[in-house]
Amino acid sequence: MSIAQKPNYLDSELGIKSWLTTLDHKRIGIMYLLVICVFFIVGGSMAALIRAELLTPKGDLLTSDAYNKAFTIHGVTLVFWVLIPAVPAVLGNFCLPLMIGARDVAFPRLNLLSWYVFTIGGVFGIMAVIFGGIDTGWTFYTPYSTSFSHTSVVLAVTAVFITGFSSIMTGLNFIVTIHKMRAPGMTWFRLPLFVWANYATSLIMVLATPVIAITVFLVGLEKVAHIGIFDPALGGDPILFQHMFWFYSHPAVYIMILPPMGVISEIVACFCRKRIFGYEFVAYSSLAIAIIGFIVWAHHLFTSGLSTYSAMVFSFLTFLVAIPSAVKVFNWTATFYKGEIHFESPMYFAIGFIGLFLIGGLTGLFLASLGTDIHFQDTYFVVAHFHYVMVGSAIMGFLGGLHFWWPKITGKLYAEGLARWAAVIIFLGFNFTFFPQFILGYLGMPRRYHSYSDEFQVLHVCSSLGATVLGFGYILTFCYLLYSVKFGAKAPKNPWGAKGFEWVTDSPPPTDNFDFKPVMREEAYAYKPDYEAPEVVHERA
Amino acid sequence: MSAHEQELHLGHQFEDLKQQIESYTIGMWIFLVTEVMFFGGLFTAYIIYRAKFPEGWVHGHHHLDWRLGGLNTLILLTSSLTMALAVRAAMLNKWKPQVLFLVCTVLLAFGFMIVKYFEYSKKFREHIVPGPLFAHKDDPGQELFMGLYFALTGLHGFHVLIGILVISAITIRTINMRRMRQDFIPVELVGLYWHFVDIVWIFLYPLLYLISK
Amino acid sequence: MRFVPEQASNFAPEVDYIFYVLLALTIFFTFGVVFAIIYLSVKYRAGSKANRTRPPHHNTALELAWSVIPFLMGVPVFLWSAKLYVEMYSPKNTAGALNISVVGKQWMWHIQHPTGQRENNELHIPVNRDIKLMMISQDVIHSFFIPDFRIKKDVLPEYFSTQWFRATKVGKYHLFCAEYCGTNHSEMIGTVYVMTPEDYQKWLSDTKWGMNKFGRPDTMVEQGEKLFVTRCAGCHGAGKAATAPSLAGLFGKEREMADGRRITADEDYIRRSIYEPDAMVVKGYQNIMPSFKGQIDEQQVFEIIAYINSLSNPQIQAGTTLPTASRKQETKQ
């Protein structure tokens, strides 16, 4: 037997061309990660500008128009080019075939195409930012966006339109992959919960994204041809825009949160050395969230002039959609019972997720509840709520997954000590940034304001200081992860001692994922009852 | 793998041909569902605005020629027939009739686009295109109707164009590549797409052309 | 440093009660789960001597319990809050309510009192009196938000929206636009002055703008009448019933349109008739009314509506109107 190393997916072929023409889901996942990082920096810089401006009550750092562009670009870039693709297109692409014991996704060429579409859409987005910016808010409400704004709305909606197709392609690919490419013995109820989460997410991606496509298409058409579909001066209905927009954008938030929830299931199972409590209920809850998530959209229109009857129906359904999320949280907690709990860095991120998701999810109830929503709608309370679920939960879940699978993806170990610090810094920085915003919202501070009444300043200063800490935490993470790629210790196959097909193959895996034919012979998360110590311990930094 | 299967291209990610065929079929159906959602948004806008501007809808549809639209309906229905016959020929391994029917389908689709061209150019000449030059500015309902007309038929026409390209590609492949002639799956899946395009038109035609007073 | 806003309207206490109930639920579940995780993390940390035999992996009864019980806890909150919402968005028509018109535009609020006083970005109102706001936008969507009253409603172009409240505490309060509307969205703010009835009367009589020969501004009804006489009576006046439908007693009545629709004549109906008469032809009449777009502004539309309303209800003080139809009012035959 030669001593030469088997090639893994990273070094099997070298050169940019091999990456740009790859059909390997693992490489495609990494390519998504690179584009997402670029947009994370763009959107994050906008956040820095916003928080800097809001240190003082007067609008003295940016002009009104510049500020409006800052928060719009912040929202558009982070929603469409970070939050929507982060877990599915990076971690899902990488891990899904491995987890089900397949060699690749069902349609590898479609997968590569989805990355190109994503990136081209992203280029249009950058062009929109550079050539005039956009100042409509990420929600593009009409008639402001169609008939009043003088910014690059057409470029922006073209960008969103194009990128939406990458979502549809990814979702389609995942659904077929999960249905058809499972290894022998991998029945539906032996699947890792991350796979269930991505399956439910893919259903949403496939069904909801076409609706935003047609909606932004009509906005573009209206701007270019002055048709009047959403412009009331021409007979159109601006509320129809809101309905169509939110019909996608509400399920979209479940695209953003379901995959990170799947990540948490994987991390909690691994670091409690125990099958997730209530596996079937957690699996079904993902489907329930996806389905119910489609019929709550009008809770964004409670103050827009909905009929009170419709409002009551949507409010009730919104209360209902909280239940499957609560079920997940309770099941994760119950998994700790009689587990053998290890506190490596991914577990820090997972526990942080649970805490922040509790607050984020529960504060959604204040908005689901009609009488209180009248007060809170369009205030900083809403901003705080959605940042708790989108950043505090979704991004933290993404980072947790990135840490968890980093040794598998890169074949290197990152600095464990720094990672734990980063998780704590991010958690604290996040809370200092966004908790004061709940209070600001209750006091009545509206959102999208760059100058405000003096009495709000103390809370804004606290929030901006927190944002600095949060930003530092992200930069720290970026640094030690990047450092580990070149200088990290070599990772074993299974540094965490986790169950799952992805941990049985090399770190990094070979191009075809497995050197053998995986067959699933046990239940999911079949951690041994006598709690054998994991094979190899990672290095500490 | 049988010799038959070896001739057909089996993706490296698939274990066997059955898995590949089933995957492609499910994939195409899911894609068609996304198309339903896409057009569904436009149909929703149509329904809502028709309720708001019933008279505008009536005025607007007078600009449409139901006979030309009817002709297009016949053309598309016939093209669906030729497409189905092409799929059948493919399944029976008769590549020459298959190519013939595919070519007929493409020609019919071209015919559809030509009729569309005549319809559209007439509207441009008569200033019945929504926008600053619209001839009936005092009737916002009519302008909205025409806007939705162009959006719906324009997007549909775009899908017909894509269909022409894809069917042509399959036809050329079938002619040039002997081993492709035994693989009926691509034809069948494109057939599914083409029938969908036809069905969308079946909905569009009465909703746009056949509004009674 | 305030952590809670003032309670200055009839709705504020109830909104706050619901808020505190939800806050209690949030704290209960958050701390409950967090304490459970901390406790379990400590007790079952790797290497501890806790009993780990036969760990359970599922418990259907528990799953049902923690699904159903939180749901049942949420339902009363939903019902209570829904009831409050219906009340807040169903403007009342008590005698003595003050009907104030609001026109929002980029980037200011134009307000007119029924007695004719106008203000920009300020709202002077008497305490303990029902105030009904009828609002419309001249351009994009805005939102009229008074945090200390807990009231907010989007202000739409081309459609009236209404909300009502009763200020319960004298003082000065913030008014904010709460729907992003462009460059100076953050500057579209103002102040609400809640005054004693005496101070309000004094403020009314102190307002000098638009004074007529009686030393006061024309009321909205009077302004509406002037507009009607000069712009509308040519066709809609007395003795012209063949040309155009009479408007006396119109308000709140059902009218049949030329295309068969039956519509209740409300504020939206009148406004649309003025701006889009083509779409609002009454059965039995010709389509000859010209559009007044660009000739009559939104404020003047409010005045005409006030006048037409007064024709139906001469006894009601200028300022109250009949129930506003919702936007989807029109019913087909």
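Trainee: In this predicted model, which residue of S7(C) is the bridge partner of C:Ile146?

Mentor: Strands S6(C) and S7(C) run antiparallel and are joined by 5 bridges. They form a hairpin with 4 residues between them. Within this pairing, the partner of C:Ile146 in S7(C) is C:Ile151.

Trainee: Which residue in the turn of that hairpin has a positive phi?

Mentor: The turn belongs to the hairpin of S6(C) and S7(C), with 4 residues between the two strands. The residue there with a positive phi, of about 65°, is C:Arg150.

Trainee: How many of the residues of strand S6 of chain C are buried?

Mentor: Strand S6 of chain C covers residues 142-146 and is mostly covered. C:His142, C:Phe144 and C:Ile146 point one way, while C:Ser143 and C:Phe145 point the other way, and all are buried. The number of buried residues is therefore 5 of 5.

Trainee: Which residue of S9(C) is the bridge partner of C:Phe144?

Mentor: S6(C) also runs antiparallel to S9(C), to which 2 bridges join it. In S9(C), the partner of C:Phe144 is C:Cys177.

Trainee: How many disulfides does a search of the whole structure find?

Mentor: A disulfide requires two cysteine sulfur atoms within 2.5 Å. The sulfur of C:Cys177 has its closest cysteine sulfur in C:Cys181, at 3.8 Å, which is too far for a bond. C:Cys181 is likewise in no disulfide, the nearest cysteine sulfur being that of C:Cys177. Over all chains, the number of disulfides found is 0.

Trainee: Are C:Cys177 and C:Cys181 buried or exposed?

Mentor: A residue counts as buried under 20% relative accessible area. C:Cys177 has 0% relative accessibility, and the value for C:Cys181 is 0%. Both cysteines therefore count as buried.

Trainee: Which strands stand at the edges of the open sheet in chain C?

Mentor: The sheet has 5 strands in the order S4-S10-S9-S6-S7, with mixed pairing. Strands S4 (122-126) and S7 (151-155) each have a single partner strand, so one side of each is left without a neighbour in the sheet. The twist averages 20° from one strand to the next. The edge strands are S4 and S7.

Trainee: Which residue of S10(C) is the bridge partner of C:His174?

Mentor: Strand S9 (residues 171-177) and strand S10 (residues 189-195) of chain C pair in the antiparallel sense over 6 bridges. In S10(C), the partner of C:His174 is C:Thr191.

Trainee: Which helix of chain C lies across S4 and S10?

Mentor: The helix in question spans residues 197-206 and runs at about 130° to S4(C). The helix lying across the two strands is H3 of chain C.

Trainee: In chain A, is helix H3 roughly parallel or roughly antiparallel to helix H5?

Mentor: The axes of H3 (residues 64-83) and H5 (residues 108-130) of chain A come within 11 Å and cross at roughly 175°. Because angles over 145 degrees count as roughly antiparallel, H3(A) is placed in that class relative to H5(A). The contact involves A:Ile73, A:Phe80 and A:Trp81 of H3(A) and, among others, A:Phe118 and A:Val129 of H5(A). The relation of H3(A) to H5(A) is roughly antiparallel.

Trainee: Is A:Gly133 buried or exposed?

Mentor: A:Gly133 lies in the loop between H5 and helix H6 (144-148) of chain A. Not counting residues up to four places away in sequence, A:Gly133 touches A:Lys69, A:Ala128, A:Thr151 and A:Ser152. At 2% relative accessibility, A:Gly133 counts as buried.

Key:
Residues are numbered from 1 along each chain as its sequence is written. Chains are lettered from A and ligands numbered from 1 in the order in which they are written. This is a predicted model: local features need pLDDT of at least 70, side-chain atom pairs count only at pLDDT 80 or more; totals for chains, interfaces and linings use all residues. Side-chain values use heavy atoms; hydrogens and water are left out. Buried means under 20% relative accessible area, exposed over 50%, partly exposed in between (1.4 Å probe, protein chains only). Two strands pair if DSSP finds at least two bridges between them. Axes are lines fitted to C-alpha atoms, for helices over the stretch in contact, and angles run from 0 to 180 degrees between N-to-C directions. Contact means heavy atoms within 4.5 Å. Angles under 35 degrees count as roughly parallel, over 145 as roughly antiparallel, 65 to 115 as roughly perpendicular and the rest as oblique.
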